[in-house]
Amino acid sequence: METDISLNNVSFAYKKQPILENVTLTIPHREFASIVGPNGGGKTTLLKLLLGLIHPDKGDIQVLGTSPEKARERIGYMPQYAHLDMNFPATVMDVVLMGRLRKSTFWFSRKDRDQAQKAIRTVDMTGFAQTGFNELSGGQKQRVLIARGLCGRPDILLLDEPTANVDHETEENLFSILQELNRRMTILVVSHDLGFVSKYVKTVICVNRQVVFHPTTLVEGTMIKDIYYGDLKMVRHDHRCRGPLP
Amino acid sequence: MIEFFQALLDPDNRFLTYAMAMGGLASIAFGIIGTFVTIKRISYLAGAISHSVFGGIGLALYLQVGMGISWFSPILGAVLAAVVSALLVGLVSIHAKEREDTIIGTLWAVGMACGILFIDKTPGYFSLSSYLFGDILLISHRDLVFVICLDVLIVGVVVLFFNRFFGVCFDNEFTLLRGINTTFFYLFLLVLTALTVVLLVRIVGIVLVIALLTIPPAIAGFYARRLWQMMLYSVLLCTLFTWTGLGISYSLALSSGPTIIVLCGTVYLVLLAANKLVFTQNK
């Protein structure tokens, strides 16, 4: 099977505090994986390493057969929307077109607009193209940001907490869109909510300084609270996973 | 008000025509750059840049009058100080994540203090009030040429790089991931801000710069749905405020800078309150 992402013995520390240690991980093409783990466990760090925003202290990362920096333009990234300015004057179209930014051209072409329109259709937001981004609900904003990640026609889609602050129904809706997209591309979703996500995803990647890889069919029966140090209040899942003990 | 229009048509009052032309032309630069400063939330950085301008003016006066280097004019000192402090402040805001506001606050105060110290050491007496609060009525022909050049530069650059600036302001990280050199465009934006601030200092002075740079875009933000609309409304509002402010200050014999600021500040606060009221009623 073709490999999209491989990490070989990767370590990363922030101010001498180890965040990730000796992580080795292979993600095949058209994988649909959820990255889970406690806060501060290294989920965001792993994401940033894959995007080449930070560099490992040790080890080697390959994305789509090249370095993360070179692979960037083939990755669709959806950040958490909480850090975006909600009063920013922009329409849905303006936001989605950002996904067509590139070094070689200054203005967006007809084709860029068509691609953006197509991406907006894919996430079921047709008719909202000229609506102000700040007039949308949380779930709609998430979908617009997914469309932005999609309209560069990526091979990998990376989503950071797409289900944060959205209700259950919206979440379900979002994941069925992702499931559809998974026919064409590899999808990695960072999530707090392991149980629900695992209904859709093929694999769960547990990150807590180290990384453990579980196909969802094999994670039955072990205790999720091991990786969360038993601090989880609500456990809503039918697949479970064990991480390395600290 | 009528005597103001009469005065405007009187050929003896050349300075008034200049002031009106300056107000209108400068509004193009203010409206566009002010919009970026507002949406990127860097008015604090713009404040630091404007106060360091005073350091440059002080240095220039010292070199020109004190040391006899005649070509080192205050405007050159101001431009130099503005650009250097823009780059400095920009690099600090990119790299110093934890103490950003402290460092920028320090640059702000030190720039200003250096200006005073240089002027202390310069023989002769200088009226600082026109630098601090501006005097649009002292505008010369050369200033008009300067503002036209700046307008052309800003409009040209923004039309060319609109999408990149949009990206850097809305979501810097995502724009970086699309292969755009965001650090370059951020610093570029700050340098353009610095040049605009130098221009603003001539009109409303160092102390009042931030108000004229941010209030018209803040009002425009109530009504604009897209970035270019916000810029257009800001330019129009800024022109309206400087012209009306000039008219009032001439008629009532008041300082022009503070009159303009009080005018646009009042309009902003009234609209803010009105919007809040309408908004809560609708809920």
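Guide: Chain A has 7 helices and 9 strands. This is a predicted model, in which local features need pLDDT of at least 70, side-chain atom pairs count only at pLDDT 80 or more, and totals for chains, interfaces and linings use all residues. Residues are numbered from 1 along each chain as its sequence is written, while chains are lettered from A and ligands numbered from 1 in the order in which they are written.

Visitor: What makes a stretch a helix or a strand here?
Guide: Both are DSSP runs, numbered from the N terminus: helices are H or I with at least four residues, and strands are E with at least two. Strand E8 of chain A, for instance, covers residues 203-208.

Visitor: Why is E8(A) called mostly covered?
Guide: A residue is buried if 20 or more other C-beta atoms lie within 10 Å of its own, exposed if 12 or fewer, and partly exposed in between, with C-beta atoms placed from the backbone. By that rule, 6 of the 6 residues of E8(A) are buried. A:Thr203, A:Ile205 and A:Val207 point one way, A:Val204, A:Cys206 and A:Asn208 the other way, and all are buried. In a regular strand the side chains alternate between the two faces of the sheet.

Visitor: How do you know that strand E3 of chain A pairs with E8(A)?
Guide: Two strands pair if DSSP finds at least two bridges between them. E3(A), residues 32-36, and E8(A) have 4 bridges and run in the parallel sense, so they meet the requirement of at least two. A:Val36 stands opposite A:Cys206 in E8(A).

Visitor: Which strands pair with strand E6 of chain A?
Guide: Strand E5 (residues 75-78) of chain A is joined to E6(A), residues 156-160, by 4 bridges, and the two run parallel. A:Gly76 has A:Leu157 as its bridge partner in E6(A). E6(A) also pairs in the parallel sense with strand E7 (residues 186-190) of chain A, over 5 bridges; there the partner of A:Leu159 is A:Val189.

Visitor: What makes E6(A) covered on both faces?
Guide: A:Ile156, A:Leu158 and A:Asp160 on one side and A:Leu157 and A:Leu159 on the other are all buried.

Visitor: Which strands form the open sheet in chain A, and in what order?
Guide: The order is E2-E1-E4, with antiparallel pairing. Strand E2 (17-28) and strand E4 (58-63) each have a single partner strand, so one side of each is left without a neighbour in the sheet. The twist averages 15° from one strand to the next. Helix H1 (residues 43-51) of chain A packs on this sheet, touching E1, E2 and E4, and its direction makes about 120° with that of E1(A). Touching means contact, that is, C-beta atoms placed from the backbone that lie within 7 Å; the axes are lines fitted to C-alpha atoms, for helices over the stretch in contact, and angles run from 0 to 180 degrees between N-to-C directions.

Visitor: Why is A:Asn22 called partly exposed?
Guide: A:Asn22 has 15 other C-beta atoms within 10 Å, and it lies in strand E2 of chain A. Its phi is positive, about 45°, although it is not a glycine. Most residues other than glycine have a negative phi, and most peptide bonds are trans.

Visitor: How many residues does each chain bring to the contact between chains A and B?
Guide: The contact takes 21 residues from chain B and 21 residues from chain A.

Definitions and conventions: Two residues are in contact if their C-beta atoms, placed from the backbone, lie within 7 Å.
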